[in-house]
Amino acid sequence: MANLLDGKAIAKVLKEEIKDEVLKWKSKGVQPKLAVILVGEDPASVVYARSKQKVSENLGISFELHTLPSDIAEGELISLIELLNNNEQIHGIMIELPLPKHISKESVMSAVRPDKDVDGVHPINRGFIMSGEEGLFPATPQSCVEILLRSGVEIAGKHVVIVGRGETVGKPLVFLILKHNATVTICHSKTPDLGSFTRQADIVVAAVGKANLIKEDMVKPGVIVVDAGINETPDGICGDVDFEAVKEKASLISPVPGGVGSLTTALIMKNVLKGLDLQRRNV
(Lines give C-alpha, C1' and ligand atoms only; values in the text may rest on other atoms or scores of the structure.)
Protein backbone atom coordinates (compact mmCIF):
# COMPACT_ATOMS: atom_id res chain seq x y z
CA MET A 1 0.00 0.00 0.00
CA ALA A 2 1.22 3.49 -0.90
CA ASN A 3 2.53 6.13 1.44
CA LEU A 4 0.86 9.52 1.08
CA LEU A 5 2.38 12.54 -0.61
CA ASP A 6 1.18 14.78 2.22
CA GLY A 7 0.41 18.20 0.77
CA LYS A 8 -0.82 19.61 4.07
CA ALA A 9 2.42 18.80 5.90
CA ILE A 10 4.53 20.22 3.06
CA ALA A 11 2.39 23.38 2.92
CA LYS A 12 3.00 23.92 6.63
CA VAL A 13 6.78 23.85 6.11
CA LEU A 14 6.51 26.06 3.03
CA LYS A 15 4.49 28.66 4.92
CA GLU A 16 7.11 28.85 7.66
CA GLU A 17 9.77 29.45 5.01
CA ILE A 18 7.63 32.23 3.49
CA LYS A 19 7.14 33.87 6.91
CA ASP A 20 10.92 33.94 7.39
CA GLU A 21 11.41 35.49 3.95
CA VAL A 22 8.73 38.12 4.65
CA LEU A 23 10.53 39.06 7.87
CA LYS A 24 13.78 39.51 5.90
CA TRP A 25 12.05 41.91 3.51
CA LYS A 26 10.47 43.80 6.40
CA SER A 27 13.90 44.15 8.03
CA LYS A 28 14.94 45.99 4.84
CA GLY A 29 11.95 48.31 5.15
CA VAL A 30 9.86 46.54 2.48
CA GLN A 31 6.30 45.27 3.16
CA PRO A 32 5.36 42.58 0.58
CA LYS A 33 1.86 43.17 -0.80
CA LEU A 34 -0.60 41.28 -3.00
CA ALA A 35 -3.50 42.90 -4.88
CA VAL A 36 -6.42 40.72 -5.97
CA ILE A 37 -9.06 41.88 -8.45
CA LEU A 38 -12.54 40.36 -8.21
CA VAL A 39 -15.01 41.21 -10.98
CA GLY A 40 -18.63 40.40 -10.16
CA GLU A 41 -19.91 38.17 -7.39
CA ASP A 42 -19.24 34.61 -8.52
CA PRO A 43 -19.64 32.73 -5.20
CA ALA A 44 -16.61 30.48 -5.67
CA SER A 45 -14.41 33.43 -6.65
CA VAL A 46 -15.48 35.37 -3.56
CA VAL A 47 -14.55 32.38 -1.37
CA TYR A 48 -11.17 31.98 -3.10
CA ALA A 49 -10.38 35.68 -2.73
CA ARG A 50 -11.20 35.66 0.98
CA SER A 51 -9.17 32.47 1.45
CA LYS A 52 -6.14 34.13 -0.16
CA GLN A 53 -6.61 37.15 2.07
CA LYS A 54 -6.55 34.96 5.17
CA VAL A 55 -3.42 33.06 4.09
CA SER A 56 -1.71 36.23 2.94
CA GLU A 57 -2.24 38.03 6.22
CA ASN A 58 -1.23 34.96 8.26
CA LEU A 59 2.10 34.98 6.41
CA GLY A 60 2.67 38.69 6.98
CA ILE A 61 1.94 39.71 3.39
CA SER A 62 -0.34 42.74 3.02
CA PHE A 63 -3.49 42.17 0.99
CA GLU A 64 -5.57 44.55 -1.10
CA LEU A 65 -8.89 43.41 -2.61
CA HIS A 66 -10.44 45.36 -5.49
CA THR A 67 -14.09 44.37 -5.94
CA LEU A 68 -15.57 45.55 -9.25
CA PRO A 69 -19.11 45.34 -10.69
CA SER A 70 -19.77 42.60 -13.25
CA ASP A 71 -20.73 45.18 -15.91
CA ILE A 72 -17.43 47.07 -15.72
CA ALA A 73 -15.93 47.92 -19.12
CA GLU A 74 -12.83 46.00 -20.13
CA GLY A 75 -10.93 49.26 -20.57
CA GLU A 76 -11.69 50.33 -16.99
CA LEU A 77 -10.43 47.00 -15.66
CA ILE A 78 -7.21 47.30 -17.65
CA SER A 79 -6.79 50.88 -16.39
CA LEU A 80 -6.91 49.58 -12.80
CA ILE A 81 -4.33 46.93 -13.65
CA GLU A 82 -2.06 49.64 -15.07
CA LEU A 83 -2.36 51.61 -11.82
CA LEU A 84 -1.36 48.51 -9.86
CA ASN A 85 1.48 47.78 -12.31
CA ASN A 86 2.90 51.24 -11.62
CA ASN A 87 2.39 51.14 -7.86
CA GLU A 88 5.73 50.24 -6.28
CA GLN A 89 3.96 49.20 -3.05
CA ILE A 90 2.18 46.35 -4.89
CA HIS A 91 4.39 43.33 -5.60
CA GLY A 92 1.87 40.81 -6.93
CA ILE A 93 -1.36 41.09 -8.93
CA MET A 94 -3.95 38.35 -9.30
CA ILE A 95 -7.22 38.32 -11.27
CA GLU A 96 -9.90 35.99 -9.95
CA LEU A 97 -11.55 33.92 -12.67
CA PRO A 98 -13.98 33.55 -14.32
CA LEU A 99 -14.37 37.03 -15.79
CA PRO A 100 -17.71 38.22 -17.25
CA LYS A 101 -18.24 37.13 -20.88
CA HIS A 102 -17.82 40.63 -22.31
CA ILE A 103 -14.24 40.85 -21.00
CA SER A 104 -11.34 39.16 -22.80
CA LYS A 105 -9.46 36.97 -20.34
CA GLU A 106 -6.39 37.02 -22.62
CA SER A 107 -6.31 40.83 -22.83
CA VAL A 108 -6.71 41.25 -19.08
CA MET A 109 -4.10 38.64 -18.13
CA SER A 110 -1.63 40.09 -20.63
CA ALA A 111 -2.10 43.55 -19.10
CA VAL A 112 -0.51 42.44 -15.79
CA ARG A 113 3.20 43.22 -15.56
CA PRO A 114 5.13 39.95 -15.97
CA ASP A 115 7.10 40.44 -12.76
CA LYS A 116 3.83 40.98 -10.81
CA ASP A 117 1.95 38.13 -12.52
CA VAL A 118 1.62 35.74 -9.56
CA ASP A 119 -0.63 33.43 -11.62
CA GLY A 120 2.21 32.92 -14.09
CA VAL A 121 -0.04 33.29 -17.14
CA HIS A 122 1.49 36.27 -18.95
CA PRO A 123 2.90 35.31 -22.40
CA ILE A 124 6.38 36.42 -21.28
CA ASN A 125 6.24 34.08 -18.26
CA ARG A 126 5.00 31.28 -20.52
CA GLY A 127 8.08 31.93 -22.64
CA PHE A 128 10.35 31.85 -19.60
CA ILE A 129 8.96 28.49 -18.47
CA MET A 130 9.72 27.02 -21.90
CA SER A 131 13.22 28.50 -22.13
CA GLY A 132 14.18 27.63 -18.56
CA GLU A 133 14.71 31.26 -17.62
CA GLU A 134 13.60 32.76 -14.32
CA GLY A 135 10.04 34.01 -14.15
CA LEU A 136 6.74 33.58 -12.31
CA PHE A 137 5.05 30.24 -13.01
CA PRO A 138 1.54 28.83 -12.32
CA ALA A 139 1.02 27.47 -8.81
CA THR A 140 -0.53 24.07 -9.59
CA PRO A 141 2.28 22.72 -11.80
CA GLN A 142 4.76 24.08 -9.26
CA SER A 143 2.80 22.19 -6.58
CA CYS A 144 3.17 18.94 -8.52
CA VAL A 145 6.95 19.35 -8.58
CA GLU A 146 7.23 20.58 -4.98
CA ILE A 147 5.21 17.70 -3.55
CA LEU A 148 7.60 15.25 -5.24
CA LEU A 149 10.86 16.98 -4.37
CA ARG A 150 9.90 17.68 -0.76
CA SER A 151 8.86 14.04 -0.34
CA GLY A 152 12.34 12.93 -1.36
CA VAL A 153 11.46 11.75 -4.88
CA GLU A 154 14.32 11.85 -7.38
CA ILE A 155 12.76 13.09 -10.64
CA ALA A 156 15.90 12.89 -12.80
CA GLY A 157 15.92 9.85 -15.07
CA LYS A 158 12.30 8.94 -14.33
CA HIS A 159 9.66 8.46 -17.01
CA VAL A 160 6.89 10.92 -16.15
CA VAL A 161 3.54 10.54 -17.91
CA ILE A 162 1.34 13.64 -17.65
CA VAL A 163 -2.34 13.07 -18.39
CA GLY A 164 -3.79 16.44 -19.44
CA ARG A 165 -2.53 19.12 -21.81
CA GLY A 166 -4.33 22.15 -20.36
CA GLU A 167 -2.82 25.62 -20.37
CA THR A 168 -3.01 25.84 -16.57
CA VAL A 169 -1.35 22.58 -15.51
CA GLY A 170 -0.38 20.09 -18.22
CA LYS A 171 1.57 22.26 -20.66
CA PRO A 172 3.63 24.26 -18.12
CA LEU A 173 4.28 21.10 -16.10
CA VAL A 174 6.02 19.51 -19.10
CA PHE A 175 8.75 22.15 -18.96
CA LEU A 176 9.05 22.20 -15.16
CA ILE A 177 9.54 18.42 -15.16
CA LEU A 178 12.01 18.56 -18.07
CA LYS A 179 14.06 21.02 -16.03
CA HIS A 180 14.60 18.16 -13.57
CA ASN A 181 15.91 15.86 -16.31
CA ALA A 182 12.99 13.46 -16.55
CA THR A 183 11.70 11.80 -19.71
CA VAL A 184 8.21 13.20 -20.33
CA THR A 185 5.21 11.79 -22.19
CA ILE A 186 2.05 13.91 -22.38
CA CYS A 187 -1.35 12.29 -22.96
CA HIS A 188 -4.81 13.79 -23.36
CA SER A 189 -8.44 13.09 -24.26
CA LYS A 190 -7.53 12.07 -27.83
CA THR A 191 -4.83 9.59 -26.76
CA PRO A 192 -5.88 6.06 -27.80
CA ASP A 193 -5.35 3.30 -25.21
CA LEU A 194 -4.29 5.67 -22.44
CA GLY A 195 -3.36 2.79 -20.15
CA SER A 196 -0.66 1.61 -22.55
CA PHE A 197 1.17 4.88 -21.81
CA THR A 198 0.45 5.24 -18.09
CA ARG A 199 1.61 1.66 -17.41
CA GLN A 200 5.08 2.68 -18.62
CA ALA A 201 5.35 5.53 -16.14
CA ASP A 202 7.54 5.73 -13.07
CA ILE A 203 5.53 8.83 -12.14
CA VAL A 204 1.96 9.55 -13.31
CA VAL A 205 0.58 13.07 -13.01
CA ALA A 206 -3.18 13.28 -13.58
CA ALA A 207 -4.43 16.74 -14.55
CA VAL A 208 -7.32 16.21 -16.92
CA GLY A 209 -10.40 17.04 -14.82
CA LYS A 210 -12.18 13.69 -15.14
CA ALA A 211 -13.17 11.94 -11.93
CA ASN A 212 -11.45 8.60 -11.25
CA LEU A 213 -10.05 8.35 -14.77
CA ILE A 214 -6.84 6.57 -13.74
CA LYS A 215 -7.69 3.03 -12.64
CA GLU A 216 -5.61 0.42 -10.86
CA ASP A 217 -5.00 -1.57 -14.07
CA MET A 218 -3.54 1.56 -15.75
CA VAL A 219 -0.44 1.79 -13.54
CA LYS A 220 2.49 -0.48 -12.80
CA PRO A 221 3.41 -1.70 -9.29
CA GLY A 222 5.45 0.83 -7.31
CA VAL A 223 4.38 3.82 -9.41
CA ILE A 224 4.36 7.32 -7.91
CA VAL A 225 1.03 9.08 -8.52
CA VAL A 226 0.40 12.82 -8.32
CA ASP A 227 -3.28 13.71 -8.63
CA ALA A 228 -3.75 17.34 -9.71
CA GLY A 229 -7.42 16.89 -10.59
CA ILE A 230 -10.35 18.21 -8.61
CA ASN A 231 -13.87 17.12 -9.42
CA GLU A 232 -17.22 17.61 -7.72
CA THR A 233 -19.26 14.40 -7.64
CA PRO A 234 -22.42 13.34 -5.78
CA ASP A 235 -20.10 11.63 -3.29
CA GLY A 236 -18.01 14.76 -2.74
CA ILE A 237 -14.68 16.09 -4.03
CA CYS A 238 -12.36 13.63 -5.74
CA GLY A 239 -9.37 13.68 -8.07
CA ASP A 240 -8.63 12.18 -11.46
CA VAL A 241 -7.28 8.99 -9.86
CA ASP A 242 -9.31 6.10 -8.43
CA PHE A 243 -7.52 6.64 -5.12
CA GLU A 244 -8.73 3.65 -3.12
CA ALA A 245 -7.80 1.15 -5.83
CA VAL A 246 -4.58 2.75 -7.08
CA LYS A 247 -3.12 3.26 -3.59
CA GLU A 248 -2.90 -0.54 -3.24
CA LYS A 249 -0.46 -0.64 -6.18
CA ALA A 250 1.45 2.64 -5.91
CA SER A 251 4.47 3.38 -3.72
CA LEU A 252 3.48 7.03 -3.23
CA ILE A 253 0.21 8.80 -4.01
CA SER A 254 -1.26 12.24 -3.38
CA PRO A 255 -4.82 12.39 -2.00
CA VAL A 256 -7.60 14.78 -3.06
CA PRO A 257 -8.15 16.83 -1.00
CA GLY A 258 -4.94 17.11 1.03
CA GLY A 259 -2.42 16.79 -1.78
CA VAL A 260 -1.41 19.13 -4.58
CA GLY A 261 -4.18 21.64 -3.84
CA SER A 262 -2.89 22.21 -0.32
CA LEU A 263 0.25 23.85 -1.71
CA THR A 264 -1.20 26.16 -4.35
CA THR A 265 -2.10 29.20 -2.23
CA ALA A 266 1.27 29.08 -0.45
CA LEU A 267 3.03 28.97 -3.82
CA ILE A 268 1.05 32.00 -5.01
CA MET A 269 2.40 33.82 -1.96
CA LYS A 270 5.89 32.57 -2.79
CA ASN A 271 5.40 34.08 -6.24
CA VAL A 272 4.65 37.44 -4.58
CA LEU A 273 8.08 37.29 -2.93
CA LYS A 274 9.79 36.05 -6.09
CA GLY A 275 8.14 38.89 -8.01
CA LEU A 276 9.33 41.37 -5.40
CA ASP A 277 12.87 40.06 -5.85
CA LEU A 278 12.64 40.36 -9.64
CA GLN A 279 11.25 43.91 -9.37
CA ARG A 280 14.10 44.99 -7.10
CA ARG A 281 16.67 43.52 -9.50
CA ASN A 282 15.10 45.44 -12.39
CA VAL A 283 15.16 48.83 -10.66
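This is a predicted model: local features need pLDDT of at least 70, side-chain atom pairs count only at pLDDT 80 or more; totals for chains, interfaces and linings use all residues.
Which residues of H1 are buried? They are Gly 7, Ile 10, Ala 11, Leu 14, Ile 18, Val 22 and Trp 25. Viewed down the axis of H1, these buried residues fall within an arc of 115°, so they line one face of the helix. As for what covers them, the list includes helix H6, residues 139-149, and helix H10, residues 261-281.

The two ends of H1 also deserve a word. At its start, a side-chain oxygen of Asp 6 comes to within 3.2 Å of the backbone nitrogen of Lys 8, and just after the helix, Gly 29 adopts a positive phi of about 85°.

I would now like to move to Asn 231, which sits in strand E9, residues 231-233. Is Asn 231 buried or exposed? Its relative accessibility is 9%, and because buried means under 20%, Asn 231 counts as buried. Beyond its neighbours within four places in sequence, Asn 231 is in contact with several residues, among them Gly 209, Ala 211, Cys 238 and Asp 240. Lys 210 is another of these contacts, and the side chain of Asn 231 reaches the backbone nitrogen of Lys 210 at 3.5 Å. Finally, Val 256 lies 25 residues from Asn 231 along the chain, and their C-alpha atoms are separated by 9.2 Å.

Methods:
Residues are numbered from 1 along each chain as its sequence is written. Side-chain values use heavy atoms; hydrogens and water are left out. Buried means under 20% relative accessible area, exposed over 50%, partly exposed in between (1.4 Å probe, protein chains only). Helices (H or I, at least four residues) and strands (E, at least two) are DSSP runs, numbered from the N terminus. The arc is that of the directions from the helix axis to the C-beta atoms. Contact means heavy atoms within 4.5 Å. A polar contact is a pair of N or O atoms within 3.5 Å; within protein, one must be able to donate a hydrogen and the other to accept it, and residues adjacent in sequence count only if both atoms are side-chain atoms.
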